[in-house]
Structures are given as C-alpha cells and as structure tokens.
Amino acid sequence: MTGATAVAATLAAHGVDTVFGIPGTHNLALYDALARQGARLVTPRHEQGAGYAADGYARISGRPGVVLTTTGPGVLNAAAAAGQAYSDSIPMVLISPGVPTTHPRRSTGYLHETKNQSAAMDAVCAWSHRVTTVAEIPSALAAAFVFFAAGRPRPVHIEIPADLLDAEGDYPLPARGGLPEAAQALAGAGRVGIVLGGGAREAGAAALRLADLVDALVVTTINGTGILPPAHRRNLGPALFLASAQAWLKSCDAVVAVGTELAPSDLWTDFTYEGTLIRIDVDPAQTTTATIPITAHAETALPALATLVAKAVEADHLPRTGPDSPAINGGHPLRTGPDVPAIIGDAGDGRGVAVWPVITDDRGEMPGRAALAEVTRRIAQERAALAAPWRAELDAIAQALPAHAVVAADNSMFCYYGALATLRRRFLFPAGFGTLGYALPAAIGAKVADPDLPVVVLAGDGALQFTVQELATAVELGLNLPIVVAVNGGYGEIRAEMTARPMTPVAVDLHAPDFVQLARAFGARGVAHPADLRGEIGAAFAADRPTVIVIQEHS
Ligand SMILES: Cc1ncc(C[n+]2csc(CCOP(=O)(O)OP(=O)(O)O)c2C)c(N)n1
Ligand SMILES: [Mg+2]
C-alpha cells in the first residue's frame, strides 16, 4: 500500500464516503486513491467553503466531516472553518499533505512552503499531527475518530509529508473482529500473561475471569496498582519493571496487555516480546504494535473477550498446550475422568496434543500452578532486595494502612524501589512524566475529591522540597495526611547515576531543612524517626491536620 491508499482505506474503514476539498499538485495521489475507492468528492470553490460544508455535513449527518486540501494556502484557507468547528465542537478531520520528510524545514522555495504548517493548524484545531511514516497513517487517522467518540469533538488536522503519499509501506488496517481472533489465540495458547495498566481500572473482575479461564498470572503497571485485590493468588502486583516479571512475560506464548502503553516508563528497560501480543486500548496509536489489536474500552472489551474464551474453551476444546511444554499441568500428570476429560488431539504437525477445558491435578491445583508459583516466588525475592533499605519502615506503613488506603508517592527511590515494590495499594504516582513534587499536592487533590479516603504521602527529601509549601494548603483544609519523608541528604538516585557514570557527584548533596520544625511552622504536626512508625501513622490519620514523619534511609 502507498500512503495515499492507506488514507483512503482507513477513511473507508471508519465509514467515510464523502470528502469536501480542492485538488492541488501535492494531493493528487489522495484524490486518485479516494476516487478509485468510490468516495464522493465534493468540490467547493474555496477551501474555507470546503470546511464550512464539512461542518454543515457533520451537524446534519452526525458523522465527522472530512476536508481534503493541498499544502500551504489550501490548508490555511480552511483554518477559519477549523476555528469555527472548534468553537462549536464539531467533529472534523482536515487532511493535507505537508513538505516532504526530506525537507530541511527552512526556506528552500518548495511550492506552497509554509514556515510551520502543522503548528499553524495546531493553533486552531484540537491538534495537528504530522505523521512520519506510512505505517503511522491509519493510527493517526483512527485517533481522530476515537477522539470524536470519546469526548468533546473538535477538528483535527493530519498532515502527511507529500513524499509519503506515493511511498510504499506496510500498515495495519484498523482491527475488525479482533475479539474472536484474540479468543481463539488465547484458547489455544500454552502460557498466558495479562498486563493491566491504568486504562484497565474498571476491568479488574473481567481480567481475573479471563486469568482463571486460561490459568494466567496478572501483572500491573504502576498506574494499574490496586485494580486487583492485593492478596489474590493471580495478582503479581505492580511488577512490570522487575526482571523476574519480564522473564516470565517473555516465556508466555500469549500476552494480553490492557490499557497500558507498555512504555519505557513502566518497563524501565528495553523490553521486546515475541509471542502473540493482544493489546486492548482506547488509543489506536497504542495497539499498532499488537499481533491482535483491539481498539476499545477495557471495561467493554475484556468481559467480552473472557466470554468468547470461555466459549472457545468449552465448545471447541482447543489445544491449550503441547505435551512437551513445561507449562502443561505444572509437570504433574493429567488427571482424567468423566468430569475433567483430557483429550489427546493433533497439533497439525503430527505431534499429540493434550487438550483440556479446566483440569485439576492430584493436588487439586490448576494446570501450570507449579511454574506459576515459581514466578511468584522470584518476583517476591526481587521485590524484597529492592526494598531492603526501607524494609522495617515499609512493613510498619503496610500494617498502618487500611485496606482501601491510597498511596500518593513521589519520584524518589523510597517510593519506586521501596513502596511500589512492596505496598500492594492503589498508587498516585508520576509514572510517565517522572516529575518531582507530585505526591503532596496529588494527595491534597485526592482528599478534596473524597475526604473520607485514607491517603498517605510518601516522598524523598528532594521531592518534598519541590512543593513543600502545599503543607499550608493541607493545613488550611484540615487534611489528616500522614506525610512520610525519607531523608538521604539530597538527590540520591542522581548521585548514584553520577557515581555509576563514573563521575564525582556534584549538585546532589543538599541541605535538608528540619522537616519537623518546618511542618510545625506551617501549622502541621511533625515527628522525626518515631520508634513506633505504625502507631504514628495511625495517629496522623486520627489528627485534624497533616503530619510530617521523617524517616532515615539506611542505604
Ligand atoms: C521536575 C524534575 N526535576 C528533576 C528531576 C530529576 N530527578 C530525578 S530523581 C531526582 C532526585 C529526587 O530526590 P529525592 O526525592 O530525595 O529521592 P532520592 O533520589 O534521594 O531517593 C531528580 C533530581 C525530575 N525527575 N523531575
Ligand atoms: Mg533524597
């Protein structure tokens, strides 16, 4: 496919059969592809008119209006219509070519050259996006349609470098029938892993149902903390960044990743997965790396997937694994019987295949339990090693927190190596952006939203100093916040990175204020190195003001 045919096919896949626009030198390939596809091409006499026509079309039909212009003056002429559509929340996609990918982005005299066309349209649209590859075109367009459906619709501009329109490239068409395909893949897979990100927050029960059906373990991202009951045997917790969890994921034949970017900020390493990757996400840009992409809300797609898997397992008795697989029944002999038949089938390559719906072994365990127990053990070991510098304090905090408590944590080692790895709670954490000074104000916001929610703040001495003045706000609001600050004399993580580089650490050893005195100056409570940290956190929850609790790091 070429870039232009990718545009035409993607628009058709989203139900677009009418396009308003004016042809020009740079968009001929688009006109060609759309005409071949049978789209209705309406040609007003000015691009502003094309935009207003698309606006009216959208208002009456209830479908997004699509505008196609050429570069420079063509698309800029449609800007007023984009501005109008913006004001009135009209769903509109403006598609235009832009300067070629090879263009140096400075004045060269290229026809219709505009200093920064995409930036100009970005100023009047919800956004403007310049794609950089043919493969990106479907997801960039799909993102606009998802945006219209998900919230307040507004115009979106997609710019395609002129040279990509005729360039060949692979691109995944928007998924159709992804759920049945995913169900088939899961019902036939050996070892299955499930990854839940923040987007799966409302799909915890469905995830567990699916996990039970295919005997999977579930790992969460940092934003996925608290989706599953902390002590559930299938819940590995927020362990996606641990080497042991990643090794297990790589060993899975199929992975279902739900509502997660699978991003470096979650994985902390370059992680490549080569098995069958099923991705469920509202953002189609996220699912482009999937073997089976499903663009949908997790709370809609995951229950449906679980139901389809249940049907596939029951009805088809699909092979879940081969007899040589270490995952098969955890190495235990299959117990057969009229209620739990083990069926020997054919994998299609002449090898025998054991097939089961759900089979218990002699010890009453689920298939694969022995292997899964080993994964759980390794992850717990890795967690404990990471959290060692704060072991006693974390135990005390864990004991002090009510079951539904939320942890607001900062971008400090105490939080991501310590608390994240051990406290099985819902976390408010600056995962992707990695900012400092997040925890205290985020906790204040959480308390404003739900005053009865027990919230604890965890931060390093560096992080807390970014927004420590918000203690005044917390005092003013009378918030019963325990604020546990781990003091290690400054930016410990950066100090360690400098040493590892290697270089002599500079600018990382900070004077820390006396946090207890500081807290009291703000009108908060303050306590340093309490012998009974658990009791102190309990007292902080019972207070009518925030309490700063200083702990010393032992690393
Ligand atoms: C706004 C912002 N500035 C700088 C950084 C870079 N940075 C990352 S971790 C860190 C140190 C944080 O210190 P502290 O909260 O005391 O935690 P520690 O590393 O000592 O565990 C810094 C400066 C950042 N992430 N965000
Ligand atoms: Mg520090």
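Reader: Which residue in β6 does Arg130 stand opposite?

Author: Arg130 stands opposite Glu159 in β6. Before going further, please note that this is a predicted model, in which local features need pLDDT of at least 70 and side-chain atom pairs count only at pLDDT 80 or more, whereas totals for chains, interfaces and linings use all residues. Residues are numbered from 1 along each chain as its sequence is written, chains are lettered from A and ligands numbered from 1 in the order in which they are written, and side-chain values use heavy atoms, with hydrogens and water left out.

Reader: How many helices and strands does the secondary structure of the chain come to?

Author: Helices (H or I, at least four residues) and strands (E, at least two) are DSSP runs, numbered from the N terminus. By that rule the chain has 22 helices and 20 strands.

Reader: In what order do the strands of the open sheet with β5 and β6 stand, and is the pairing parallel or antiparallel?

Author: Strands of a sheet pair through backbone hydrogen bonds, either parallel or antiparallel. Two strands are said to pair if DSSP finds at least two bridges between them. Here six strands form an open sheet in the order β2-β1-β3-β4-β6-β5, and the pairing is parallel. The edge strands are β2 (40–42) and β5 (127–130), each of which pairs on one side only, and the twist averages 25° from one strand to the next. Four bridges join β5 to β6 (residues 156–161), while β1 and β2 pair in the parallel sense over three bridges, with Arg40 in β2 as the bridge partner of Thr18.

Reader: Which helix packs on this sheet, and which strands does it touch?

Author: Contact means heavy atoms within 4.5 Å, and angles run from 0 to 180 degrees between N-to-C directions, with axes taken as lines fitted to C-alpha atoms, for helices over the stretch in contact. Helix α3 (residues 47–61) packs on the sheet and touches β1 (18–21), β3 (65–68) and β4 (92–98), its direction making about 165° with that of β3.

Reader: At what angle do α15 and α16 pack, and how far apart are their axes?

Author: Two packed helices are described by the angle between their axes and the distance between the axes. Helix α15 (residues 391–400) and helix α16 (residues 413–422) pack at an angle of about 50°, with their axes 10 Å apart. That makes α15 oblique to α16, given that angles under 35 degrees count as roughly parallel, over 145 as roughly antiparallel, 65 to 115 as roughly perpendicular and the rest as oblique. Arg391, Leu394 and Ile397 in α15 meet Phe414, Gly418, Ala419 and Thr422 in α16.

Reader: Where is Trp268, and is Trp268 exposed, partly exposed or buried?

Author: Trp268 sits in the loop between α12 (264–267) and β11 (276–281), and is partly exposed, with a relative accessible area of 34%. Its phi is positive, about 65°, although Trp268 is not a glycine. Ala507, also not a glycine, has a positive phi of about 65°; Ala507 is found in the loop between α20 and α21 and is exposed, with a relative accessible area of 68%.

Terms used. Buried < 20%, exposed > 50% of the residue type's maximum accessible area, 1.4 Å probe, protein only.
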